Structures are given as C-alpha cells and as structure tokens.
Amino acid sequence: MWEPNDLERQRLEKLERIREQGINPYPPRVKRTHTISEAIGAYEAAEAAARAAEGSGEAPAPIPFTVTGRLTAHRPPGKSSWGHIEDGTGRVQIWLRVNEVGEETQALFNDQIDLFDFVEVEGTMMRTRRGEVTVLAQSFRPIAKALSPLPVVKERRLEDGRVERYGGFTDPEERYRQRYADLAVNPAVREVFRIRAQTISALRRFLDSEGFLEVETPILQPIYGGAAARPFVTHHNQLRQDLFLRISFELYLKRLMVGMYEAVCEIGRDFRNEGVSRKHNPEFTQIEWYKAYIDYNGVMDITERMLAFVAEDVHGTTTITFQGQPIDLAPPWQRLTLRDAILERTGIDYTRYPDAPSLAAVMREKGKRPSPDSTWGKLVDSLLGTDVEPYLIQPTFIIDYPRDISPLAKMKPDDPTHVERFEFFIGGLEMGNAFTEINDPLDQEQRFIDMGRLYSADDEEAHPVDEDYLRAMRYGMPPNGGFGMGVDRLVMLMADRPNIREVLLFPHLRSREDEE
C-alpha cells in the first residue's frame, strides 16, 4: 500500500480543497483547440501577416486558444502569476491576472496548483516585453492533479560557463524502473523513442519498396528453432501441451517460402532465456526477412542499402556518430572471412585445430581462458566475440563460418567445412546474422542430427529437430537468402546510446528482493 510522504500529504490536502470548491480535479472531458506547437505557430503566422499588411510591427488581433499540458514552472506571486506548461509538442508560458480570471481562479492557481499538475488554459496569445510568446489566460482549471512530485532535473551555470545538471534520478537504474517519470522530465529520453519509432518505420518502408510481404508468425511454438538459444517454456492447460516462446521467426518464415511467397519479412518480439547485459535483454525486437533466388551476397547488398536508407531517413545522412566515433553506413562495406579476422587479431588459425581440446589448448597458450565445457564452435565464436567484435567500428561483414555452428546455412561449394553465412558489425556491436539458406531437406535433416551430437542431452541451447519444417522442405523450397537483425541494437546506433536499456521503454530488471 502507498504510504505518502510529507510532500505527497500536502498535495492530497490540496486535492481535497479543490474538491471542496466544487471543482473536479480529474474531469471526464477537456477542451483543447490546439496543441502548444500549433498555437505558437498560428500566433507567429498571424504576427507575420500583420506586419506584412500594416508594416507597423504591431501585434496581431487577439486569437482565442485553449491549450493543455503539464505545469513545468509555477511562479504564483499574487494577483499576477506566471508559469509554463508543456505537452507532447512544445512548451509555452502562461500568465494569469486576477482581472481576467477572477479572484477564485487566481487563488486556486496560487495556492492549490502544484508543479507537474496537468491544466487547461483558455486565453489569447501575446508576446511579452522580453519577446516570449505567452498565453494570457481568460480561464484556467486543473485536469489531473499530480499527487507525487517528479524527480526534477535542474541546471545551474558554473563560473567557467559550463552548465551542470543536478537533481532528478540519482540512481540510473531507477530511471528504467520508473520510465514514465524518466520520460516526463527528460526530453532527451523522449527523443530516443521517437528515433526508435522512426527507425522501425524506415525499415518497414524500405522492405515494402523492395517487394517484401510483412507477415506474423506464432509466438507460442511447439518446437523452438532458428537459433542456438535457451527458450522460455510455458504450458497450455486445455491442450495439456508445453509450448515455447519463440527464439526466432526463421523456420516459420521459411515455411512460407514453400508456400510460394518469394519475399517475406517480420518485425516482432523474440524471447531468449539468457543473461542480461548492456547488449542483451530477454525480450527483444527482431527483424527477419527471406528472399527467394538470392544468396548471401545478395543479402549483403540489401543489408547495406537498408541500413543506409534508415540512417538517411532518421538523420538525413548516411554518416552517424556512435560513442564519439563517426560511422559511414554508405555502401560498400568491408568484407572479411571469419578465419582471416580471427587470425589477424589473435594469431590463431582455428582451421588448424579441428576439435575443442586442441583449439582450447592453443587459446590457453595465447593467454585466454576458454570454457572447459565449450564445443569447438563455441570456442571459435568466443574468439570472434572477445578479440574481433570490439574493433569492428565501421560496418563490416564477417563471412564464411564453420559448418558446425551454422545448422541452417548452405555449405560453400569449395569448402565443405564452412558455410555461406555472415554476421555484420557496426560500432563494435554484432548487429545481425544471415545465410544462404539450406533448401535441401536431406542435408537439413542431417545437420539437425549432427548438431544434436555436439550438445549434451540436457543442453537447452541444442537445436531440436523440427519434423514439420522438414516435411515442408520436402515439398520443395526455392533457393533463398535470409537475414536477421536485432532492432534494439540498431536503435542504439541511431540514438547513440551504449546500453540496450536506454532504447527499451521497459527493460527487464532484477526484482528488488534479489538485489537485497
């Protein structure tokens, strides 16, 4: 149960006094004729028209407006009171004078209204002597009383001219726990999620222009697949069936290739029961697409153009800045084989060590600490993650991965130990994964069997055999290339945020009990 503090008790008392005056502090309807930005724009247009018509520079004729918003500044000195209100479009000054609004409303504003209350102001626009556009109120009323004060971020100018910010959330994690309050007081945070929405919109428009059909596939799946990841498990009571939250869209999207769709895509949520870090959240947004009659080279071409399109749409240029590093997303991007990338950074040619014990031994010789339980493929992947990935700042395709860690990719014709797979990296982050997809059902079945041998029976990252997917493949699947990318990481780049929690409205956090 809520136990109000002293400030909250004061606000509760004011709430009761407002009600005693016969005013509903949470009315069922409000009157708003303009957003704040619309009202300011209309006034400034009227100003310009008046100057053009008369040449005198005099203020235009009064135009009535009703605006609403949260009170972000409150200066109630007496019979003439000032404040600022803010909505989702802008901020404007308000001015209440007892001659216009009456003594009761003036007293209401001065004595019962608090910072962060939502209010409705009806009046005319004017410009003060200092040049600030202001609403001269004719009427005023509260429309949502804020019972708890927001954690205000304040600014003060230091002697050397720098601006220091203080107050607000002192614990960064509290910003994530109370994202609603974080958004209310931090315009920069609101901008991050506008960038997120614009990024996803740009992805959709690009794929639509390329002829992709956007579809929806099951989130609850009887067999999980499409990635090496631990799933979340749930249970359907009526069907008496265990189900899995999907870890990937892949196997369902590729079923649709069998059904004669030549280009399909999906943007949605995936779930992986794994660790939380600055790059990982158990629930995340993924984009996947598959296109018939192209290989991984064709996928690379689309990938370059897609991300350049997004950057142009969001920032007006293909050059972005991420953590102080300028990054140019314009094609063409650098391409390196996985073997060359690891050899260049570590001096280890993993192809010379074809099993886990020999590869782990040479890694230890190089001063590394390989996990004793890792498969050979996981050891290779760890070399990529620790020794190569952090240095890939400019967009780079790392191509041609070992067959053992790529159960859904087609083998290279000249090298049966490697497959036509790439991952791409930007800003030191792994962004996505893509293949020339297997369309041979017998090869795919054998890959599933081979992968099963590499994992212990209780390893939850093992890739289960999906018999229905194999059945679909036997009807005939066209040659195709596939692509998957974490949208959250793309937003990290577009918004220049180093932590995935900064681009998720409600990231997953430990419970308070676990922290104690």
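In this predicted model, one cavity of 30 Å³ or more turns up in the structure. The largest cavity holds about 40 Å³ of space. Rolling a probe the size of a water molecule over the atoms is what shows where empty space is left. Around the largest cavity sit Q221, I223, Y224, G225 and G226, together with S248, E250, L251, Y252 and D466. Sorted by class, that lining comes out as four nonpolar, four polar and two charged residues. Helix α8 is the biggest contributor to the lining of the largest cavity, putting in three residues.

Helix α8 also has a helix partner. Spanning residues 250–258, α8 packs against α14 (residues 467–474) at an angle of about 25 degrees, and the two axes are 9 Å apart. With that angle, α8 counts as roughly parallel to α14, because the cut-off for this label is under 35 degrees. The crossing of α8 past α14 is a left-handed one. On the α8 side, the contact uses L251, K254, R255 and V258, while α14 brings D468, Y469 and A472. L251 has a part in both stories: it belongs to the lining of the largest cavity and to the contact of α8 with α14.

By class, the contact of α11 with α12 has eight nonpolar residues and one polar, but no charged residues.

Helix α7 covers residues 187–209 and helix α15 covers residues 487–495; they pack at about 120 degrees, with axes 9 Å apart. The two helices are therefore oblique to each other, since 65 to 115 degrees is the range for roughly perpendicular and over 145 is needed for roughly antiparallel. Their crossing is right-handed. In α7, the contact residues are V192, I195, R196, T199, I200 and L203, and they meet V487, D488, L490, V491, M494 and A495 in α15. Split by class, the contact of α7 with α15 has nine nonpolar residues, one polar and two charged.

P332 sits in the loop that runs between strand β15 (325–328) and strand β16 (334–337). The other spot is Y293, a residue other than glycine with a positive phi, near 70 degrees. Y293 is also in a loop, this one between β13 (283–292) and α9 (296–315).

Notes:
Residues numbered from 1 in each chain as written. Predicted model: local features only at pLDDT ≥ 70, side-chain atom pairs only at ≥ 80, totals over all residues. Heavy atoms only, no water. Axes fitted to C-alpha atoms, helices over the stretch in contact; angles between N-to-C directions. Helix = DSSP H or I, 4+ residues; strand = E, 2+ residues; numbered from the N terminus. Left-handed = near helix turned anticlockwise from the far one by under 90°. Contact = heavy atoms within 4.5 Å. 1 Å grid on protein atoms, 1.4 Å probe; cavity = no way out; pocket = protein on both sides within 12 Å on 5 of 7 lines; lining within 4 Å. Points joined across faces, edges and corners; volume = space filled by probe spheres on them. Nonpolar A, V, L, I, M, F, W, Y, C, P; charged D, E, K, R; others polar.
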